[in-house]
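Have the model open while you read.

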Amino acid sequence: MTTIIKLALGSLALGLVVLGLKTLAWWMTGSVALLSDALESTVNVVAAFAALIAVRVAARPADANHPYGHHKAELLSAVIEGVMIVIAALLILREAYTGFLSPRALEAPLGGLLINAVATVLNAAWCRVLLVHGRRERSPALIADGKHLRADVITSAGAALGLLLAVVTGWWLLDPLMATLVAVNILWSGGKLIRESVSGLLDEAVPDATLAVIREVISTQAGGAVQAHDLRTRHAGQATFIDFHLVVPGDTTVSDAHEVCDRVEAALARAVPDASITIHVEPGHKAKTSGIPVLG
């Protein structure tokens with residue numbers, strides 16, 4: 001079982017525990033803010049299940065029907081998670097509206113706050129684990145799950161603050177007001193996650209920093225070639241796809257050109273993990289003024 005799948009399973013298990021705690025906190029207090037927090041955790045559980053399925057699919061090797069692999073399953077999962085975050089925010093807004101219409105005093109608020117705090121600490125710790133390992137493993141599904149939990153931690157903190165202020169001041173409208181502010185923040189977070197994930201599904205190029213590394217590797221490791229041009233990149237989950245044209249002198253043998261390509265591919269594989277590289281060799285007269293010069 002891979003690290004990514006283990007983390008996805010951990011997210012699902014923790015999500016169920018946190019959901020139980022937050023539901024208990026809401027049941028004890030009747031707080032709209034804590035109800036909104038429990039709704040967000042319900043989405044967490046479903047999203048964690050979707051992420052688990054996505055990472056299992058993404059781990060499958062390429063086959064005849066999917067020759068480029070199944071990496072985009074993680075991006076699709078991240079889009080679904082973003083949509084679910086938005087839905088959770090809308091549900092919270094609905095509950096907040098109900099609270100505005102009929103504000104009421106809360107029952108056992110301190111006990112509910114304590115239980116909610118335990119759930120929040122668990123979420124914050126696991127959020128950190130997911131973001132660190134998600135970036136290390138370059139897993140969009142785990143990163144999306146971590147960002148979702150981060151939004152949940154903010155939700156919990158906001159709900160607790162609203163409940164505490166309502167108890168101290170007796171202004172029970174603060175309870176639904178805080179739920180509304182939390183929902184707006186979650187809505188923004190979900191929208192951002194959707195935009196980022198859709199960009200990956202649409203074969204967005206690698207970040208500028210990674211592109212600079214790729215260009216430098218080609219320039220310094222393609223000794224024997226003239227230049228490279230028409231460099232194209234895209235990323236899909238953990239995989240990065242790189243293809244370009246490599247121009248060699250017209251009298252270069254096939255064996256020598258192949259040796260240059262092997263050297264460049266090996267260097268790119270070291271610089272960009274999980275890279276799939278395609279090089280098209282061309283004769284010298286195909287050089288372009290916009291190409292990447294070879295320094296070696």
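**Contacts, packing and a salt bridge**

Tryptophan 126 touches Leu7, Gly10, Ser11, Leu14 and Leu149, leaving out residues up to four places away in sequence. Keep in mind that this is a predicted model.

Q: What makes these residues count as touching tryptophan 126?
A: The cut-off for a contact is heavy atoms within 4.5 Å, and Leu7, Gly10, Ser11, Leu14 and Leu149 are the residues that tryptophan 126 touches. Tryptophan 126 itself sits in helix H4, residues 109-137.

Q: Which residues is leucine 19 in contact with, leaving aside neighbours within four places in sequence?
A: Those are Ala38, Ser41, Thr42 and Val45. Leucine 19 belongs to helix H1, residues 3-29.

Q: Why are H5 and H6 called roughly antiparallel?
A: Helix H5 (residues 140-169) and helix H6 (residues 174-201) pack at an angle of about 170 degrees. Angles over 145 degrees count as roughly antiparallel, so that is the label for H5 and H6. Their axes are 8 Å apart.

Q: What makes the nonpolar surface patch?
A: Phe100, Leu173, Leu177 and Leu181 do, covering about 350 Å². To be in a patch, a residue needs over 30% relative accessible area and no salt bridge, and nonpolar side chains are joined within 5 Å. One of the four, leucine 181, lies in helix H6.

Q: How do you know that aspartate 230 and lysine 288 form a salt bridge?
A: Their closest N and O atoms are 3.0 Å apart, and the rule asks for within 4 Å, so the pair qualifies. Aspartate 230 is in strand S1 and lysine 288 in the loop between strands S3 and S4, so the bridge ties together parts 58 residues apart in sequence. By this rule, the count is two salt bridges.

Conventions. Residues are numbered from 1 along each chain as its sequence is written. This is a predicted model: local features need pLDDT of at least 70, side-chain atom pairs count only at pLDDT 80 or more; totals for chains, interfaces and linings use all residues. Side-chain values use heavy atoms; hydrogens and water are left out. Axes are lines fitted to C-alpha atoms, for helices over the stretch in contact, and angles run from 0 to 180 degrees between N-to-C directions. Helices (H or I, at least four residues) and strands (E, at least two) are DSSP runs, numbered from the N terminus. Angles under 35 degrees count as roughly parallel, over 145 as roughly antiparallel, 65 to 115 as roughly perpendicular and the rest as oblique. Patches are made of residues with over 30% relative accessible area and no salt bridge: like charges are joined within 9 Å, nonpolar side chains (Val, Leu, Ile, Met, Phe, Trp, Tyr) within 5 Å. Accessible areas come from the Shrake-Rupley method with a 1.4 Å probe; for residues, only the protein chains shown count as cover. A salt bridge is a side-chain nitrogen of Lys or Arg within 4 Å of a carboxyl oxygen of Asp or Glu.
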